[in-house]
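Dear colleague,

Please find below the structure that I am handing over to you. My findings follow it, and I would ask you to read them with the structure open.

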Amino acid sequence: MKSTNGEKIWRGILPLSFQSVDKRKISVEVKIWLSTHRLGFSRRNDLDNLVKPILDTMKKMKLIEDDSDVFHLAITKYPTNAEEEIHVKVMDWN
């Protein structure tokens, strides 16, 4: 995933995910569907490599001040033969 292409998509998704969230302590859940071909082809699909551009985009958009605002992070990747997708859910962390 290139962050420049992904960033365009995330810029549309993230503001919708952030309604009524206290930005000081947040929980982020990320679900990523990747093509089965891509999963078998590249080692760059490590979870940390997949979520980093999402958190960077959140910071660029000033939705968070820093990654340290994230107190809970859940990341899941799924193989798919359909179109690749990213779902991001942001909530207050208690």
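I begin with strand β1. Seven of its ten residues are buried, so the rest of the structure largely encloses this strand. Please bear in mind throughout that this is a predicted model.

**Overall arrangement**

The protein chain contains three helices and three strands. Read from the N terminus, its elements follow the order α-β-α-α-β-β. Of the 94 residues of the protein chain, 34% count as buried. Among contacts between residues at least 6 apart in sequence, 84% join residues at least 24 apart.

**The sheet**

In what order do the three strands lie in the sheet? The order is β2-β1-β3, and the sheet is open with mixed pairing. At its edges are β2 (70-80) and β3 (85-92), each of which pairs on one side only. On average, neighbouring strands of this sheet are turned by 10 degrees against each other, direction ignored.

Helix α3 (residues 47-60) lies across β1, β2 and β3. The helix runs at about 125 degrees to β2.

**The nonpolar core**

The largest nonpolar core has 15 residues. Which of them touch the most other members? They are I26, V28, V30 and M58. The elements β1, α3 and β3 each supply at least two residues of this core.

Leaving aside residues up to four places away in sequence, V30 touches V51, I54, A74, I75, T76, I86 and H87.

**Salt bridges**

The structure holds four salt bridges. One of them joins R38 and E84, whose closest N and O atoms are 3.0 Å apart. R38 lies in helix α2 (residues 36-41), whereas E84 lies in the loop between β2 and β3, so this pair ties together parts that are 46 residues apart in sequence. E84 is partly exposed, at a relative accessible area of 32%.

Another salt bridge is formed by D56 and K52, and the closest N and O atoms are again given as 3.0 Å apart. How far along helix α3 are D56 and K52 from each other? They are four residues apart in this helix, so about one helical turn separates them. Both partners are partly exposed: D56 has a relative accessible area of 29%, and K52 has one of 41%.

A further salt bridge links K59 to D66, with the closest N and O atoms 3.5 Å apart. K59 is partly exposed, with a relative accessible area of 40%. D66 also counts as partly exposed, at 32% relative accessibility. Separately, salt bridges that share partners join K52, D56 and D67 into one network.

**Confidence in the model**

How far may the coordinates be trusted? The protein chain averages a pLDDT of 78, and 72% of the residues score at least 70. Among the elements, β2 has the highest mean pLDDT (93), while helix α1 (residues 3-17) has the lowest (52). Over residues 1-7 the pLDDT is below 50. Beyond near neighbours in sequence, this stretch has ten contacts in the model. Where pLDDT is low, predicted coordinates should not be read in detail.

**Points to keep in view**

Finally, the salt bridge between R38 and E84 connects helix α2 with the loop between β2 and β3.

With kind regards

Methods. Residues numbered from 1 in each chain as written. Predicted model: local features only at pLDDT ≥ 70, side-chain atom pairs only at ≥ 80, totals over all residues. Heavy atoms only, no water. Pairing = 2+ DSSP bridges. Axes fitted to C-alpha atoms, helices over the stretch in contact; angles between N-to-C directions. Contact = heavy atoms within 4.5 Å. Buried < 20%, exposed > 50% of the residue type's maximum accessible area, 1.4 Å probe, protein only. Salt bridge = Lys/Arg side-chain N within 4 Å of Asp/Glu carboxyl O. pLDDT = per-residue confidence, 0-100. Core = buried A, V, L, I, M, F, W, Y, C linked by side-chain atoms within 4.5 Å.
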